[in-house]
Amino acid sequence: MSGDRRLPIHASAIVIGGGAIGCSTLYHLAKMGMSDCVLLERNQLTSGTTWHSAAQVRQLRSTRNLTRLIQYSARLYSELESETGQETGWYKTGSISIATNSDRLTHIRRQAALAKAYGVEAEEIGLEALRKLWPLANMDDVIGAVWSPEDGRVNPSDFCQALIKGAKANGAHIFENTAVTGFLKTGNRISGVKTAAGEIQADIVVICGGLWSRELAEMAGAEAPLVPCEHFYLLTKQIDGIDAHLPTLSDHDSHLYIRDEVGGLLVGCFEPRGKPIDPATLGENFVFGLLNEDWDHFEPMMLNALHRIPALETAEVRMLLNGPESFTPDGSFLLGQAVEADGLWLCCGMNSVGIATGGGAGWALAHWITEGSAPFSLDEVNPARFPAVHNKLDTLMSRASEVLGKHYAIAYPGEQWETSRNFRKTPLHERWREEGARFGQVYGWERPQYFGCSNEPQLTFGRPEWFEQVGREVEAAHKKAAIFDQSTFGKIKVSGPDAETFLDRVCANDMTRPAGNVTYTGMLNENGGYESDLTALRLSDEDYTLYVGTNAPKRDMAWLKRHLRDEEQVTLSDETGAHAVLGLMGPEVARIAEDLGARALLDLGFFKHGIFTLKGINVRAARLSYVGEYGFELTCVEKDAIALFDALSKAGAHPAGLFAQSAMRIEKRFLAMGHDLDSETTPVEAGLEFAVKKTGNFIGADAVMRARKDGSQSRLMTIILEDENAVPLGDEPVYAAGQLVGQATSAAFGYRVGRPIALAYLDTALLPEPENARVELDIAGEIAYGAISLRAAYDPEGKRMRQGAPMAEVA
């Protein structure tokens, strides 16, 4: 324990871990008013991963809000010295991303386009400018580059000392050599920690334990799926020609990052296959530790480096540093409240961006804890996004090698993980395999993306190999009948005498409708943003089944439990695996229902459900569609799924995959959580006011009522592109007459309208008359023109089609 101070009996917040993330979290908690917060470090500050970090701060990330975190970090690092008097070692050196092939060039041009939308300075530069910025580099094979002048680097130890100094100035306490040995629990709430020096009661406990966070979370009864991997960088002695700081050179085709270091070079890599580490081998006394050099493993990267920087051939090597860093199963970190226990928060698994993200992540987490909500949507780093299977050590070890290897990979649309697969299969998995399904993994489930696949597709930013096949699946749903496997949707049973009043409070729509009704609704936060969107089937006065997104059961169960009052008699249970769900869609559905002896099914009204028998199989049929065609969602017990599919298939229905479903829902302007909806988006912005009660005491009601009264400057709109060969992917910046007016959320080719379509949130103040207004999408630096529609591009119920549709015939 540092000094001779005794541990306090109580603290408002306890931060576990004294690396960059823990120091940042402590600093921000103290600065936001938690002056009695405490940091506990098992050894010494920065002694785990932080001290050996290459400490690059590259601001542009894959999403706006992750970028905002690093933008905050860069500001903090540049300003912290003036506040604390402690140097941080911040240098604004800039960074350069180079491309040596056309797909990489498209990739970095997409990044540059996003940078403009996110307020990050970035521009494509020519080879002459590139050589001036990096005269030591061989650029003969480079075909393009993007320059980001606002990026930089920081000294991780100095930065953490500045944070600690600032935290102490605001009343925080730091205890080194004080390991957490256990957690105190009151009911389902973490209420403190145990250490060898005594116990501390706390309102909040935050795990920022770096490499050891998974074990700490497990001790608390929670999950933090991460595992260490070896990470290498080479350090040289001084090299002639390096007289000042150079921009960080990102040669991702060679798996390298390169920068100057004390007159020499630092050459780091994220090799195609990393080396995961069993955390037990590190031990409790891994303090300022490094792993053994592995020149055999590093050799291919060294050859790449020699090609890029010829001066390395004669440079003297100081060392090959091999330090462990933690990686999660999807390459994004964990930030937010643990779902398994109240009062427990996670900020860990940083995937080699801990220094870059650290300032912003600590700020965001402290804001979330002190204000009750995140400063903006952070759904992409929500710890609840992983199923339990991804927290198993063998699963983590298998996946971690690939995660590290994809750190610098080109982000192709349709790319899938190769490792840690086939853990969760739907009841129809073998049938789909026989149909030639190309599977994608979602929340551990194997879901068919499309069918008729005989080999691995060649991924591209252009029109994909599966384009025609997906078109055939859309046509089946549009002209005949198609079967969509929706069995992976989460199914949460809500039962009890108070089920109605409980759901009517946590859901935005009217949940008092009688049994037999289907209700589409959102669960909103106090700011009116979406925590989930779902479909609820009322089974009886006291029973509902909530159909939630495939990746949402854990998150939504936690949200429901946290808002369940002690006096309410309600039980919640996850029944996802007990039932299969098949979406039967298309104009031949009525004929198929009659052929299978379920003529009564056709009398079911829209957004109604009931029990029916198809070919002797009991199903609960719900009259609704996520693809904009006539149809039903059929739920049966898991053991009947194959018989039901076989009956539907024999009657003429064809299998259709997730890609067809996505294309069709975008045409119909049906929205998806995580794409078009997030915790910042209100129903008013999304055009979903029809699914919100006019009045009522539901969570988020006040915010929604204000938005209704004041209006919303951002509105979801449809953009139908002119060029049928354009390939928008989603996230593209949208301009009108050269002015940025918004950003796309989802995009796909609309097979029924014959044009690419994007959904986008656009600024109504900049588009006073949006209907049919001409806008431009920046697709990797290429402009694609399109027209705005305030309605869905395709509306079969209204028999309205856009011009140019190859499937435009509507019966």
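Which helices and strands each supply at least two residues of the lining of the second largest pocket? They are β17 (334-337), α8 (354-371), β25 and α13 (553-562), where helices (H or I, at least four residues) and strands (E, at least two) are DSSP runs, numbered from the N terminus. This is a predicted model, in which local features need pLDDT of at least 70 and side-chain atom pairs count only at pLDDT 80 or more, while totals for chains, interfaces and linings use all residues. Residues are numbered from 1 along each chain as its sequence is written, and side-chain values use heavy atoms, with hydrogens and water left out.

**The second largest pocket**

- A pocket is, on a 1 Å grid over the protein atoms alone, an open set of points with protein on both sides within 12 Å along at least five of seven lines, whereas a cavity is a set of points where a 1.4 Å probe fits but cannot get out; lining residues have an atom within 4 Å of a point.
- The second largest pocket has a volume of about 890 Å³, a volume being the space filled by probe spheres set on the points, which are joined across faces, edges and corners.
- Its lining consists of 36 residues, and Gln337, Trp368, Gly372, Glu531 and Trp559 are the ones that lie nearest its centre.
- Helix α13 gives the largest share of this lining, five residues.
- By class, the lining of the second largest pocket has 16 nonpolar, 11 polar and nine charged residues, where Ala, Val, Leu, Ile, Met, Phe, Trp, Tyr, Cys and Pro count as nonpolar, Asp, Glu, Lys and Arg as charged, and the others, Gly among them, as polar.

**Strand β26 and its partners**

- Strand β26 (residues 543-548) is mostly covered, since five of its six residues are buried, that is, under 20% relative accessible area, with exposed meaning over 50% and partly exposed in between (1.4 Å probe, protein chains only).
- Strand β25 (residues 530-540) pairs with β26 in the antiparallel sense over five bridges, and two strands count as paired if DSSP finds at least two bridges between them.
- These two strands, β25 and β26, form a hairpin with two residues between them, and Ser540 stands opposite Asp543 in β26.
- Strand β23 (residues 490-495) also runs antiparallel to β26, joined to it by six bridges, and here Lys491 stands opposite Tyr547.

**The cavities**

- Seven cavities of 30 Å³ or more are found in a search of the whole structure.
- The largest cavity holds about 120 Å³ of space, and among its 13 lining residues Arg58, Leu60, Ser97, Gln111 and Ser148 lie nearest its centre.
- For the largest cavity, β4 (95-99), α3 (102-118) and β6 (144-148) each supply at least two lining residues, with the largest share, three residues, coming from α3.
- The second largest cavity has a volume of about 60 Å³, and its lining is made up of Arg447, Pro448, Phe484, Asp485, Ala656, Gly657, Leu658 and Gln661.

**Ile204 in strand β11**

- Ile204 is found in strand β11 (residues 198-207) and is buried, with a relative accessible area of 11%.
- Leaving aside neighbours within four places in sequence, Ile204 is in contact (heavy atoms within 4.5 Å) with Ser12, Ala13, Ile14, Arg189, Gly343, Trp345 and Ile369.
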